[in-house]
Amino acid sequence: MESLHLPPPSSARPHPVSSSSYATSATNLNAIRQVGFAPLTKTRSGSGSVCVGKRVAWRRRTARQDGASSTTTAVEEGSGKEGLLLGEERDGSGSVVGFRLTPQAGVAEAAKTPDVALSREKEAEGVEGVGGKIAKFTRSIIFVTSEAAPYSKTGGLGDVCGSLPIALAARGHRVMVVSPLYVHGAPDKKFANVKDLGVRIKIQCFGGTHEVAFFHEYRAGVDWVFVDHLSYRRPGNPYGDGHGAFGDNQFRFALLCHAACEAPLVLPLGGYTYGEKCLFLVNDWHAGLVPVLLAAKYRPFGVYKDARCILIIHNLAHQGVEPAATYDSLGLPPEWYKALEWVFPTWARTHALDTGEAVNVLKGAIVTSDRILTVSQGYSWEITTPEGGYGLNGLLSSRKSILTGITNGIDTEEWNPASDVHIPFHYSVDDLFGKVQCKAALQQELGLPVRPEVPLIGFIGRLDYQKGIDVIRAAVPELMKDDVQFVMLGSGDPGYENWMRATESYYPTKFRGWVGFNVPVSHRITAGCDILLMPSRFEPCGLNQLYAMRYGTVPVVHCTGGLRDTVQTFDPYANDGKGEGTGWAFSPLTVESMLGALGIAFKTFRDYKESWEGLMKRGMAKDYTWENAAVQYEQVFDWVFFDAPYVQ
């Protein structure tokens, strides 16, 4: 397979760029569309068809011999025809759900679809959904996200958008994921199989015209679509680098949202566009302009009238708040300002003359989405409270009737103690001896005394305030008085990193601090530890506790969000004295409460081996697969189509 060859990028700055920024050729699809609110003028051509800005479309209905009608659609940009869209695909209600594209002669390479369509059918034959059944394609689903593993990932968002689409595709849905193409420097092997679709669109926003390209890979039954622009090609993670967050993130993710709204209409994937009757799943504020664009820019012109949009909130703490003056740059009509308007309370303003006016992208998404999901049931309640709502609790409470929580799943192939390539010994719920060996191997690797009778505690995560590192730091002197061992893996606040190094020197036979993040090491800690500690202040879902339970490692967690939902506190007297539960969830978040829960865990580990083994096995038997989560998502999909889409 050829490596990714990127075309010369257009400018990332918010000023007009030349349409010749990309070199186009006769072998490309050359479908260039003008996108953005500024040029939209609803007029009618001589034939009576609606014309929107520079984009001119007309349809000619012709009678078929069977009495039904077919449609021939030509799309023109300027004076050049880009090809024909022949014979729309309709569902049982008669709504258009896609079109078959017939490109002009010589435009075939990027639009070759028979082989792609055939490969989809063959791949589908080998994909088994829940219960081993393959369902019909029931929905066209568009994920819009700032990251999707394995292409990009900084946390749980990347995991969700890398795994849930595959689970939904396995159940028969047609699924597209739209995310930025984050590349810089040498060719990135993660994008080795990505191909240029030859489709370019022009987006009107931020004071100019910006051209973006679409790249594509069909993998695991999913269309992975990547939006290419110069602003995504820079060192660092998707949001920033060593100097902090990128200053143009509002611009970068506004481009993503505009491009994602166009992708179902212009990309001929597998021979058909996804069409207008699709379901958008937008993730966090980075994709939050999508529902606003659907309501403000498309539906008034009859486009996406049958589509729906679900907002998935992974972390309410990040909302995409920028100065109010930036609203004019977003490509939205002036009358929609109130949807995004945000006013800071007096105490949060910088000076006496500060009016506190801003735009809040996530707020706009909450207002205009048809339904709202969070990544756990507990978090769906917490964000409606003053403590967990970050100023949006009143708005979220008003939309409580359409707010649902679904616990994330985990990749059970990557995280499987019976086959994990990163751990030295394998084991299962029926044979736990390999876990004993993993613990000894981890102690030896870390330079700790190999003592199977000592409780080994692990922590894996960011070193910041949210994860409760300050509580761990305050508790360590008391904790180290006990006969225990403790290993921490993570990076973040330099002060906490230095504290980990100093603590390791002070307790050389009991404490290890691994500064940084290492995937194989995280797997070995998960497999080798007896206890996983997660004192997070808030945790929308949490994945590490799910990984831990699958590996027979007992979680001790703060009772919040998804941790409350997934970790059941051990009750030794339940079930006729045989006990039930999978760990300990403590509250409030204090040093004393955390040490109390750990003390009970240590006592159970040392003195009640049978109960401890029951804890391990119950955790390993829990079903937190993405297939299980996908079934719950499908129920929400059904609900969202019961009502009409959002309109102002």
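User: How many residues of helix α6 are buried?
Analyst: In this predicted model, eight of the eight residues of α6, residues 361–368, are buried, and the helix is mostly covered.

User: Which residues are those?
Analyst: The buried residues of α6 are Val361, Leu362, Lys363, Gly364, Ala365, Ile366, Val367 and Thr368.

User: And what caps the N-terminal end of α6?
Analyst: Asparagine 360 does: one of its side-chain oxygens lies 3.1 Å from the backbone nitrogen of leucine 362.

User: Let me turn to α2. How many of its residues are buried?
Analyst: In α2, 13 of the 15 residues are buried, so the helix is largely enclosed by the rest of the structure.

User: What span should α2 have, and how far apart are its ends?
Analyst: At 1.5 Å a residue, the 15 residues of helix α2 (residues 156–170) should span 21 Å. The C-alpha atoms at its ends are 21 Å apart, which agrees with that expectation.

User: What follows α2?
Analyst: Glycine 172 follows α2, and its phi is positive, near 110°.

User: Where is proline 150, then?
Analyst: Proline 150 sits in the loop between β8 (140–144) and α2. A cis peptide bond joins alanine 149 to proline 150, with omega about 5°.

User: What about the bond from serine 587 to proline 588?
Analyst: That peptide bond, from serine 587 to proline 588, is cis as well, with omega near 0°. Proline 588 belongs to the loop between β27 (584–586) and α16 (591–607).

User: New topic: how many residues are in the largest nonpolar core?
Analyst: The largest nonpolar core has 110 residues, and Phe214 and Phe280 have the most contacts inside it. Helix α3 (residues 249–266) gives the largest share of this core, 12 residues. Apart from it lies another core of 49 residues, including Ile469, Leu479, Ile531 and Met549.

User: Which residues is phenylalanine 280 in contact with?
Analyst: Leaving aside neighbours within four places in sequence, phenylalanine 280 is in contact with several residues, among them Ile142, Val144, Ala260, Cys261, Pro264, Tyr304 and Ile310.

User: Tyrosine 304 is in that list. Is it buried or exposed?
Analyst: Tyrosine 304 counts as buried, because its relative accessibility is 0%. Tyrosine 304 lies in the loop between α4 (289–298) and β16 (308–313). Its phi is near 65°, a positive value in a residue other than glycine.

User: What is the phi of tyrosine 390?
Analyst: Tyrosine 390 has a positive phi of about 50°, although it is not a glycine. Tyrosine 390 is found in the loop between α7 (377–382) and α8 (393–398), and it is partly exposed, with a relative accessible area of 37%.

User: What does the side chain of aspartate 223 make a polar contact with?
Analyst: The partner is the side chain of histidine 216, at 2.7 Å. Aspartate 223 is in strand β12 (residues 222–228) and is buried, with a relative accessible area of 0%.

User: How many disulfides does the structure hold?
Analyst: The structure holds zero disulfides. Cysteine 205 counts as buried at 3% relative accessibility, and cysteine 559 counts as partly exposed at 24%.

User: Finally, how many helices and strands are in the chain?
Analyst: The chain has 18 helices and 27 strands. Buried residues make up 56% of its 648 residues. The chain exposes about 27,300 Å², of which carbon and sulfur atoms supply 54%.

Note on methods:
Residues are numbered from 1 along each chain as its sequence is written. This is a predicted model: local features need pLDDT of at least 70, side-chain atom pairs count only at pLDDT 80 or more; totals for chains, interfaces and linings use all residues. Side-chain values use heavy atoms; hydrogens and water are left out. Helices (H or I, at least four residues) and strands (E, at least two) are DSSP runs, numbered from the N terminus. The expected span of a helix is 1.5 Å times one less than its number of residues. Buried means under 20% relative accessible area, exposed over 50%, partly exposed in between (1.4 Å probe, protein chains only). A nonpolar core is a set of buried Ala, Val, Leu, Ile, Met, Phe, Trp, Tyr and Cys residues joined through side-chain atoms within 4.5 Å. Contact means heavy atoms within 4.5 Å. A disulfide is a pair of cysteine sulfur atoms within 2.5 Å. Accessible areas come from the Shrake-Rupley method with a 1.4 Å probe; for residues, only the protein chains shown count as cover. A polar contact is a pair of N or O atoms within 3.5 Å; within protein, one must be able to donate a hydrogen and the other to accept it, and residues adjacent in sequence count only if both atoms are side-chain atoms.
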